[in-house]
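The sequence and structure are shown first.

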Amino acid sequence: MIRLSTILWTLAVMVAGYAMFQVKYEVGLLEDRLTQLNHDIAASREETRVLDAEWSLLSDPQRLDRLNKTFLHLTPVATAQIGSLDQIPFRPGYSVQAPMLAKAGQ
Amino acid sequence: MNPRLNLARDNPCRPRHFRPGRAVDATLEGPAKEALEISHTRLLIAGMLFLLAFAVIGGRLIEVAGFKSGDLRAAHAHPAGPAVARADIVDRNGVLLATTLDTSSLFAVPKDVPDKQDAAAQLASVLPGTSADDIYAKLNSDKGFVWLARQISPRQEMAVIQLGIPGLEFQTEGKRVYPKGDLAAHVLGFAGLDNSGLAGIERSFDDSLKNGAAPVQLSIDVRLQYILQSELARQISDFQALGGTGIIMDVRTGEVLALASLPDFDPNDPGAAKPENLFNRATLGIYEVGSLFKIFSTAMALEDGVSTLSSRYDATKPLEVSGYTIHDDDPQNRWLTVPEIFMYSSNIGEARMAADGGTDRQRDFLGRLGLLSQPSFELPEVGSPLLPHPWRPINTMTIGFGHGISVSPLQVASAASAVVNGGILYPATILKRPDGNPAQGQRVLSEATSVDMRKLMRLVVEQGTGKLAGGSGYLIGGKTGTAEKVVDGGYAHHALISSFLGVFPINDPRYLVLALLDEPHIGTRDGGATGGLIAAPLVRRIVERMAPIVGIQPVDENSPEIRRSLMVGLPSPQGRKLASN
């Protein structure tokens, strides 16, 4: 009797010990991974901030205006350049379906 | 072995109930007994030690499992919470206006730097703005720690690392960055090296920005801000003005879409700015805005029923009141109807209308429009109006045409928005109103008066002092203002404040554009730099550039329906004759 329970307990202790160490190692690995991920998140966030700032810097209207004056020579849209679709005559003999017309009217 | 024979039980040599006596009873004497006792004691001590160790482990187990678990879990739940960096400021479309970036600052531990002369020369070659001599002097100091360069760029940091000089270290610091430079600089303000807000939004929202929570979203639209700022700057340089200010406001919500004050500064380097450049003319500056005030005087007369659109006033000659003479800039020398007074900007007519209304009414009406008290606004730089003390009848008359009272351009924009938008005063705001959360307004005048005022403001552009704002196709209505600057208690004749307040489309007002220039000059005709000449075309250009962005379609200004909707009865030539007789 005594021997049987001793064997059982020993087995249980071994299993429990093994399981505990297994869990401990897994936790350790997960924690390493978590630390790494947190580090990556922080790095990505900082990178996003830098990229956002850079984009804002590059899309600065003053800069775009300067570049436009150097390379493109675009001018602001004049009132005369703005019209609505119904002001444009359709090609003779070209028929347009109703939905398109309705859209154009908006 | 015979299974039926159990030796332990069936040993015939052993009596059934015999028990051996205890072994220890066997008397041991001398060295043997001593050895046994020593081993006993040792066993006992070892056992106690093990017991103690187990007790400690058990206790720790209970502590960790039972009491510390909450802390541990909390530590794991938000480990990557954002480092407490100052929050961003964005415009109404989410465009970044201010952010905080990690930058490195370079410091040295002088005793660890082996070849100081060489190190200084190398560092000076990669860090612009430093000299080898300065760095050498710093490296030769007795201190354990010297700053060599604060907040350097990542590229410079890389270059320093590649030099591979021992004894150099980097410290990460948050630096406030304003990617749009001087755009909306007066709205944003700036923050100091220690990341505390010192002006503008940075100052008034310092606490919430410091908490690093959600970004602060402004009502400013960067595109409109640039249009306003660049056109204003162009006009200032074309007419050699000292400066200028402009506001674009949504008249339906009170949101400020653009706010410019020139000259301005770069918030990335506020230390380099002159004090006058830091001054916010739009909110902190107060001006006698002159004829712009006729918007409010005329609205008051119409609202209170003191005058109607067909009332006539005597403008045949300058008005003499208690030692003062009130002149017209463009004298018509006849009786004028209210629309004519407004379109020719007659000081005499407005003074008479204001006198008809009386001081109490005027004070009450201007007070309702928020022109007599410091407005509530989200920027810390907000000016209080300058009012006459005491408020005598002569003050009432001069205030009728905008003299003897100083208000900020922001107040004028808010009040004029209420006059044209149907009579609801919305408090001006620099923060974006959440969609579907309309501003809480307060009715300050009737719908009918507002409609009349729109017609009068259109008349100014069609036939009056503001003709240069017309013809854009966006139906601008407005009012010109030309005021002599108050210098040492008197008026300076050649120093003008020229302004124009435009609203478009005036048949269904959406946006207000106010532009004000400080001391513009026109070549030889120094006195002629009026609001109609300087500010009206500026507002027209701003409107033409911003309308496609805000989605306002141009219309045919001469189409019959539009003319009819904005028509004001002016006296016919015969009527004029009758009037002057």
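## Basis of the model

The model is predicted, and local features therefore need pLDDT of at least 70, side-chain atom pairs count only at pLDDT 80 or more, and totals for chains, interfaces and linings use all residues. Residues are numbered from 1 along each chain as its sequence is written, while chains are lettered from A and ligands numbered from 1 in the order in which they are written.

## The two chains

Secondary structure is taken from DSSP runs numbered from the N terminus, with helices (H or I) of at least four residues and strands (E) of at least two. On that basis chain A has three helices and zero strands, in the order α-α-α along the sequence, whereas chain B has 20 helices and 18 strands.

Burial is judged from C-beta atoms placed from the backbone: a residue is buried if 20 or more other C-beta atoms lie within 10 Å of its own, exposed if 12 or fewer, and partly exposed in between. Of the 106 residues of chain A, 1% count as buried, and of the 581 residues of chain B, 43% do. A:Leu30, in helix α1 (residues 2-58) of chain A, counts as exposed because it has 11 C-beta neighbours inside 10 Å. A:Leu30 lies 33 residues from A:Arg63 in sequence and 47 Å from it in space, C-alpha to C-alpha.

## Contact between the chains

Two residues are in contact if their C-beta atoms, placed from the backbone, lie within 7 Å. By this criterion 24 residues of chain B are in contact with 19 residues of chain A. The elements giving two or more residues to the side of chain B that touches chain A are β2 (96-108), α9 (222-238) and α18 (531-550) of chain B, and β2(B) gives the most, with four residues.

Within chain B itself, residues 24 or more positions apart account for 71% of the contacts with a separation of 6 or more.

## Nonpolar cores of chain B

A nonpolar core is a set of buried Ala, Val, Leu, Ile, Met, Phe, Trp, Tyr and Cys residues joined through C-beta atoms within 7 Å. Of the 130 residues in the largest nonpolar core, B:Leu188, B:Phe296, B:Val419, B:Leu512, B:Ala515 and B:Val539 touch the most other members. The element that gives the most to this core is α18(B), with ten residues.

Leaving aside neighbours within four places in sequence, the contacts of B:Ala515 include B:Leu232, B:Gly244, B:Phe500, B:Leu538 and B:Val539. A second, separate core of twelve residues includes B:Ala108, B:Leu139, B:Ile152 and B:Ile165.

In helix α14 (residues 359-368) of chain B, B:Gln362, B:Phe365 and B:Leu366 are buried. Because these residues cover an arc of only 95 degrees around the axis, they are on the same side of α14(B), the arc being that of the directions from the helix axis to the C-beta atoms. B:Asp360 and B:Gly367, on the other side of α14(B), are exposed. The buried residues of α14(B) pack against α11 (294-303), α13 (347-357) and α15 (393-400) of chain B, and just after α14(B), B:Gly370 takes a positive phi of about 80 degrees.

Helix α17 (residues 447-463) of chain B has 17 residues and reaches 24 Å from its first C-alpha to its last, close to the 24 Å expected at 1.5 Å a residue, where the expected span is 1.5 Å times one less than the number of residues. The buried residues of α17(B) include B:Thr449, B:Asp452, B:Arg454, B:Arg458 and B:Val461.
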